[in-house]
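Dear colleague,

I am passing on a structure for you to look over before we talk. Please open the sequence and the coordinates together.

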Amino acid sequence: MNYQAYLKSDAWRQRAKEVIKRAGFKCALCSGSIGLQVHHRTYKRLGRELPEDLIVLCRACHERHHQIKSEEDMYDRP
């Protein structure tokens, strides 16, 4: 499944709404409620994610997470 196409699908929009509601409309890291996004903890089950595969983050925490991950990846390479 193409990840970008999936993120634009009605199925993903509905799933994201459900996940945000389940999270109490709050970021898992800072408890903020503005700019909420759903982050994939794994892509193994793309399109048929388990509840633990997804986490709600505000935009700032989501961007910070990906920045940290990118920096970690740079140091893990030989």
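Predicted model: local features only at pLDDT ≥ 70, side-chain atom pairs only at ≥ 80, totals over all residues.

Residues are numbered from 1 along each chain as its sequence is written, and side-chain values use heavy atoms, with hydrogens and water left out.

The largest pocket holds about 180 Å³ of space, where a pocket is an open set of points on a 1 Å grid over the protein atoms alone at which a 1.4 Å probe fits, with protein on both sides within 12 Å along at least five of seven lines. Its lining, meaning residues with an atom within 4 Å of a point, includes Y3, W12, Y43 and H62. β1 (36-40) gives the largest share of that lining, four residues.

H62 sits in helix α3 and counts as buried at 12% relative accessibility (buried is under 20%, exposed over 50%, partly exposed in between, with a 1.4 Å probe and protein chains only).

There are two aromatic pairs, given ring centres within 6.5 Å, with planes under 30 degrees apart called stacked, over 60 edge-to-face and the rest tilted. The rings of Y3 and Y43 have centres 5.3 Å apart and planes at 90°, so this pair is edge-to-face, and it joins residues 40 apart in the chain. The rings of Y6 and W12, with centres 5.4 Å apart and planes at 55°, form a tilted pair.

Best regards

How values were computed:
Points joined across faces, edges and corners; volume = space filled by probe spheres on them. Helix = DSSP H or I, 4+ residues; strand = E, 2+ residues; numbered from the N terminus. Phe/Tyr/Trp six-rings, centres within 6.5 Å; stacked < 30°, edge-to-face > 60°.
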